[in-house]
Amino acid sequence: MNPESFSELLDLLWGASLETLYMVALSGFVTLMAGLPAGLALYLIDGDGPLPRPRLHRVLSTIVNIGRSLPFVVLLIAIIPLTRLIAGTSLGSTAAIVPLSLGSIPFFARVVEAALREVDKGRIEAVQAMGGTLRHLVFMVLLPEALPALLSGVTLTLVMLVGYSALAGVVGGGGLGDLAIRYGYLRFNTEVMVATVVVLIVLVQANQLAGDWAVRRLAHRR
Amino acid sequence: MTARQPIRIQGLRKDYNQAGRLVPALDGIDLDIQGGAIFGILGRSGAGKTTLIRCLNRLETPSAGRILLGETDLAALGPVELRRQRRRIGMIFQHFHLLHSRTAAENIAAPLEIAGVTKPERQKRVDELLELVGLAGRGKAYPSQLSGGQKQRVGIARALAADPDVLLSDEATSALDAETTAQILDLLRDVNRRLGVTIVLITHELSVVKSICDGAALLEGGRLVEAGALRDLVADPSSRLGQWLLPALPEVPSDGRHLELRYGGRGGDTILSDLTLHLGQSPALLGGGVEQVAGTSVGRLLIRLPHDADLDSVFAFLGTRGVWAVVR
């Protein structure tokens with residue numbers, strides 16, 4: 001069933017875009033909520049960090065590395081039982097959020113860890129010398145000082161999630177990538193292919209520009 | 001505030017583990033710092049002075065020894081009590097270490113937030129501090145909008161915010177130009193006089209010690225070479241610090257007629273004319289100078305005596321004037 005008219009094409013694109021946005025937004029949110037504490041923990045318990053727990057760090061780091069080493073399409077299929085357990089089903093956009101999140105949490109955790117490492121050690125010591133607690137270290141120094149880098153990391157992660165979400169079609173998640181594969185690739189429908197590519201580019205661009213704007217605004221102030 | 005707290009360091013050691021070997025950075029330091037004084041610790045890089053000052057607020061954990069601030073042994077504190085005691089010790093840094101996400105005022109307020117001071121009180125205190133360090137009206141500026149000297153002023157205000165007994169200065173002027181350095185040193189002295197806060201500073205610049213310190217110590221290879229009040233050091237001919245603090249003298253042939261004179265305080269100001277009257281003819285002045293050290297003028301002069309001068313009588317005369325002399 002090729003789209004017969006322009007409006008039908010628009011309907012297809014609109015629906016797929018909403019699915020993509022839904023998946024990216026929700027998995028992005030979950031990634032942020034889980035990846036930020038994970039990255040913070042990675043930084044804090046590092047051997048050179050403010051709360052050194054080298055053995056625990058090695059365990060956490062290994063888990064993150066395992067998560068990072070699986071190609072997303074493999075992860076997507078490998079964790080289908082887990083997806084079913086969490087989402088109740090292994091099919092559809094909502095189910096796709098489970099592998100999408102699991103795939104990007106380790107990535108984002110590393111991004112957070114790297115951003116925190118860039119915070120000047122002297123500023124951390126300055127707050128320690130004031131008698132600051134761990135809470136002060138995190139909320140007075142680490143997060144505010146790393147905020148521009150963290151925002152860049154969020155942009156990076158969201159762009160990556162748009163890419164990952166293209167594979168969600170494998171588990172019936174729909175979205176723009178799925179549309180491109182089904183119409184553009186399997187049915188040689190060039191119009192849908194081109195339109196999908198255009199929408200994806202616009203989506204990623206908008207995301208990147210918004211991120212850059214926020215970072216610049218912050219940097220400007222400092 | 002219980003100002004003018006003395007610091008007594010006893011048997012302080014710090015060993016670093018380098019590839020399984022313990023390397024001493026501080027090798028048994030004993031040092032008394034008078035409460036309310038400005039005390040300078042001099043040394044080359046690698047002498048251990050940074051380690052020493054960082055032990056004073058436990059940014060480094062000492063391997064052994066005691067650090068008494070008043071009656072409290074800082075070296076023996078557990079984490080909770082350490083955090084509380086750290087509020088008695090402010091610190092300023094060579095590279096300022098201000099929080100870039102905060103304005104000058106918010107930086108200064110940070111120690112107050114940690115101490116749990118309420119917002120209206122914080123605001124009041126921050127305004128006072130901005131005034132004290134000469135930055136009134138600049139509170140809303142971010143560190144990136146301030147010059148090096150202004151950043152250090154914010155650093156000083158921040159360090160003083162929680163009314164500390166001690167201010168530690170880790171090469172605070174080493175990143176600043178000469179004029180700004182002089183201004184910051186003036187500010188430190190002013191703060192010391194007004195608040196009675198004990199200041200411990202480390203520096204590799206002799207001029208810093210000369211211009212504001214009451215006492216000084218020399219650190220070499222993790223050991224204390226000497227320490228004392230500046231006026232005692234310059235009066236002590238065997239003191240290396242004393243030698244450095246005094247004006248340099250030119251080389252002369254040792255023919256028994258050249259005298260080095262040293263004096264501190266009032267007795268020496270008119271020594272040349274007094275000696276001329278005593279001898280009946282005037283000695284030649286070959287070199288030397290008078291410096292302000294720890295608020296008093298100290299002189300070091302090289303003179304050549306006339307041929308027929310009687311050395312014993314000259315020494316006796318100089319002795320009555322409290323001027324130390326030696327044949328060069």
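How much area do chain A and chain B bury between them? In this predicted model, the two chains bury about 1900 Å² between them, and 59% of that area lies on carbon and sulfur atoms. The contact draws on 19 residues of chain A and 21 residues of chain B. Between chain A and chain B the count of salt bridges is one. That bridge joins the side chains of B:Arg54 and A:Glu125, with N and O 2.7 Å apart. Along the principal axes, the C-alpha atoms of chain A fill a box of roughly 70 × 45 × 25 Å. Of the 222 residues in chain A, 47% are buried. The accessible surface of chain A is about 11200 Å², with 69% of it belonging to carbon and sulfur atoms. Among the contacts in chain A with a separation of 6 or more, 72% come from residues 24 or more positions apart.

Helix α6 (residues 121-129) is mostly covered, with seven of its nine residues buried. The buried set in α8 of chain A consists of A:Leu176, A:Gly177, A:Asp178, A:Leu179, A:Ala180, A:Tyr183 and A:Gly184.

Charged pairs are worth a look of their own. Side chains of opposite charge can pair when their charged atoms come close. Over all chains, the count comes to 26 salt bridges. One of them links A:Arg123 and A:Glu145, whose closest N and O atoms are 2.7 Å apart. This pair connects distant parts of the chain, since A:Arg123 sits in helix α6 of chain A and A:Glu145 in helix α7 (residues 134-165) of chain A, 22 residues apart. Are the two partners buried or exposed? A:Arg123 has a relative accessible area of 16% and is therefore buried, the cut-off being under 20%. A:Glu145, at 10% relative accessibility, counts as buried too.

A second pair lies within one helix. The side chains of A:Glu113 and A:Arg110 form a salt bridge at 2.8 Å, N to O. Both residues belong to helix α5 (residues 93-117) of chain A and are three residues apart, about one turn of the helix. A:Glu113 and A:Arg110 are both buried. The two residues also take part in a network of salt bridges that links A:Asp46, A:Arg110, A:Glu113 and A:Arg117.

A nonpolar patch of about 480 Å² is made by A:Met193, A:Val194, A:Val197, A:Val198, A:Ile201 and A:Val202. Of these residues, A:Ile201 lies in helix α9 (residues 190-221) of chain A. A:Ile201 counts as partly exposed because its relative accessibility is 49%, and exposed residues are those over 50%.

Chain B, for its part, is divided into domain 1 (7-235) and domain 2 (255-327). The C-alpha centres of these two domains of chain B lie 40 Å apart. Five residues of domain 1 are in contact with seven residues of domain 2. Together the domains bury about 570 Å² between them, 57% of it on carbon and sulfur atoms. On the domain 1 side, B:Lys210, B:Arg231 and B:Val234 lose the most area to domain 2, together accounting for 75% of what that side buries. The count of salt bridges between the domains is one. Here the side chains of B:Lys210 and B:Glu291 meet at 3.5 Å, N to O.

A further salt bridge in chain B joins B:Asp27 and B:Arg13, with the closest N and O atoms 2.7 Å apart. The pair links distant parts of the chain: B:Asp27 is in strand β2 (residues 21-33) and B:Arg13 in strand β1 (residues 7-18), 14 residues apart. B:Arg13 is partly exposed, with a relative accessible area of 26%.

How values were computed:
Residues are numbered from 1 along each chain as its sequence is written. Chains are lettered from A and ligands numbered from 1 in the order in which they are written. This is a predicted model: local features need pLDDT of at least 70, side-chain atom pairs count only at pLDDT 80 or more; totals for chains, interfaces and linings use all residues. Side-chain values use heavy atoms; hydrogens and water are left out. Patches are made of residues with over 30% relative accessible area and no salt bridge: like charges are joined within 9 Å, nonpolar side chains (Val, Leu, Ile, Met, Phe, Trp, Tyr) within 5 Å. Accessible areas come from the Shrake-Rupley method with a 1.4 Å probe; for residues, only the protein chains shown count as cover. A salt bridge is a side-chain nitrogen of Lys or Arg within 4 Å of a carboxyl oxygen of Asp or Glu. Helices (H or I, at least four residues) and strands (E, at least two) are DSSP runs, numbered from the N terminus. Buried means under 20% relative accessible area, exposed over 50%, partly exposed in between (1.4 Å probe, protein chains only). Domain bounds come from an automatic or database domain assignment. Contact means heavy atoms within 4.5 Å. Buried area is the accessible area (1.4 Å probe) that two parts lose on being put together, summed over both.
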